[in-house]
Structure formats: structure tokens, C-alpha cells
Amino acid sequence: MAINACDFGWECVRNFGLFQLSMNFIRYYPLAGLAFFIFWVWKKGYFEKYRIQKNFPKWEKVVYEIKQSAVTMVMFSLVAVISFSLQKLGYLPRALYFDISERGWAYAILSYILITVWHETWFYWAHRLMHHKKVYTFVHAIHHKSVNPSPLAAYNFHWAEAFLEAIYVVPFISLVPIHFGVFIFHTFYAMIMNIWWHLGYEFFPKGWASHPITKWINTSTHHNLHHQKFHGNYSLYFNFWDRIMGTNFPNYETYFDEVVEKKEDYSKTDLASQIGFAK
């Protein structure tokens, strides 16, 4: 990467900042927008049976999500630029490397697992902090304006929350060796999962949330319920911290099955109408 090799200076920092900003905007809006178009507009009728909340939010709410997401991406880019500058100046160590052969593929996979675990842990505890009564109104309430979120709510953050969402990467890439490509893939995966959890549709089968194995993996319903009821269901990729800390909503598993059962009932009704047994 040419930017990585540049000498510290205004041009170097400017180019890095433009790279970060363009990467964030080019990744997020097209993907979140595509998800919105497919599930909320184009194939809205086809996917209706998978919807978690039957109603759709007002268009004004979606426009707000789109606008506020830009604030988040600017903050993400700012955190990256400041971290990059401090590393160039020697005030922060940098553990990123660019040649996969330095440590091999086995370590690359291990580092991906490590950053995922670290992100999950950071997100859970930072998320709980943002729900503290002295913090919530000033920081996290912006995100919870989306009680019935769309995929474009994935980055709908107050600037301070966006900072907390981004800063977890700084200690990791400063202390833990990780290949640049692995790191970029992690940030892309995190964005995709965030869009999915805000999609408003549930595709996992009945029993997923209570099965001894799959119950440890979160669902779109898990986060949608968080938007409906606010104080609970704080985790991100996995249902580990919520389970061991007792912060899942008590009705999460039953609510999940109810959502899926509605899908199954819808399918049965649709089949019956097709073969002439329904009016």
C-alpha cells in the first residue's frame, strides 16, 4: 500500500484520510442501500413472511438514518487518521504487517479470531456503558430513535458513539500483529453483520435461539428486540456475554420462535390459497 510507505506530512495524512473516507462511504451506502432496496422495496411482498416487526417506519426515520450514518463514517475516518498519524510520529506502536508470508495463514486465521473476540467483548461492555442512565440520553439515544430499524440504521450513531464503535481497533492493531488484508476483511465483516442485524427480517429456523449450539450465535431478532425494548440484548456477533451476564431479555428465545412461527403460518396460508383451500 503506497500510503503506508509515505513519509509523514500533510500530503501523506490527507491521502490516507481520503482513502479512509472514500472506503467507508463506498462500502456502506451501496451495501446498506442495496439491502434496503431488495428487502424493503423491490421484494418487500416476497419477504413479508420473514419480517420481525410487521409495520414499517416512516420514511422520515429512514432519511434520518441515512444522514446520521455520514457522521459515523466521518468519525470512523477521523479515528483512523489520528491513529495513523500517531503511529507515523512514533507515539503509537503498529503491529499491522503487509506480507502474509511473514507469519503464515494459520496465524492470519488466529489473528482474525482474536480481533473478533476482542470486538465482541469491547462492543458488549461499551454498549452497556452507553445504556447507563447518565450516558444514554447524550450518546446512545440517537441510535434508538430507530425503534423499528432499517438496514440504513446500522451506522446511525451519535459522533461519540461512533468514536466508541471505532476506537477498539487502535489498541489491537498497536499491540497484536495482524495482516492488513485480514484487518480490512474484519471491518468489512463487522459492517455486513451490523447491516444484517438491522435488516428487520429473520431467516434462521425455529429453535435456533435455544439450541445448545446455535444459541451462542446471535440473530437479527436478538438485536431487533433490543431496539424495541432498549435495555437488554447488548451483544454483537455472539450470545456469550448476554448469557453469562444475564442480560438477554427473558422472552428472547420464545419471541424468536414466535417470529419464525409467523413465517411458517404465513407459508401454510399462502400454500393453501394456491391450491384453492383459502378464500
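A residue is called buried when its relative accessible area is under 20%, exposed when it is over 50%, and partly exposed in between (1.4 Å probe, protein chains only). The structure is a predicted model, in which local features need pLDDT of at least 70 and side-chain atom pairs count only at pLDDT 80 or more, whereas totals for chains, interfaces and linings use all residues. Residues are numbered from 1 along each chain as its sequence is written, and side-chain values use heavy atoms, with hydrogens and water left out.

**Exercise 1. Determine whether Asn233 is buried or exposed, and describe its phi.**

Step 1. Asn233 is found in the loop between H9 and H10; helices (H or I, at least four residues) are DSSP runs, numbered from the N terminus.

Step 2. The relative accessible area of Asn233 is 0%, so this residue is buried.

Step 3. Phi of Asn233 is near 55 degrees, a positive value in a residue other than glycine. Most residues other than glycine have a negative phi.

Step 4. Phe230 also has a positive phi, of about 75 degrees, although it is not a glycine. Phe230 lies in the loop between H9 and H10 and, with a relative accessible area of 24%, is partly exposed.

**Exercise 2. State which residues Leu236 is in contact with, leaving aside its neighbours within four places in sequence.**

Step 1. Leu236 lies in the loop between H9 and H10 and is buried, at a relative accessible area of 6%.

Step 2. Contact means heavy atoms within 4.5 Å. Once neighbours within four places in sequence are set aside, the contacts of Leu236 are His119, Glu120, Phe123, Trp197 and Asn218.

Step 3. His140 is 96 residues from Leu236 along the chain, and their C-alpha atoms are separated by 16 Å.

**Exercise 3. Find how many salt bridges there are, and locate the partners of each.**

Step 1. A salt bridge requires a side-chain nitrogen of Lys or Arg within 4 Å of a carboxyl oxygen of Asp or Glu. This rule gives 2 salt bridges.

Step 2. One of them joins Lys206 to Glu261, with the closest N and O atoms 2.8 Å apart. The pair links distant parts of the chain, 55 residues apart: Lys206 is in the loop between helix H8 (180–197) and helix H9 (220–229), and Glu261 is in helix H11 (residues 252–274). Lys206 is partly exposed at 44% relative accessibility, and Glu261 is partly exposed at 30%.

Step 3. Glu253 forms a salt bridge with Arg243, where the closest N and O atoms are 3.1 Å apart. Glu253 lies in helix H11 and Arg243 in helix H10 (residues 240–245), so the pair ties together parts that are 10 residues apart in sequence.

**Exercise 4. Classify the packing of helix H3 against helix H6.**

Step 1. Helix H3 (residues 59–88) and helix H6 (residues 159–166) pack at an angle of about 45 degrees, and their axes are 9 Å apart. Axes are lines fitted to C-alpha atoms, for helices over the stretch in contact, and angles run from 0 to 180 degrees between N-to-C directions.

Step 2. Angles under 35 degrees count as roughly parallel, over 145 as roughly antiparallel, 65 to 115 as roughly perpendicular and the rest as oblique. H3 is therefore oblique to H6.

Step 3. The residues making the contact include Val71 and Met75 of H3 and Trp159 and Phe163 of H6.

Notes:
Helices (H or I, at least four residues) and strands (E, at least two) are DSSP runs, numbered from the N terminus.
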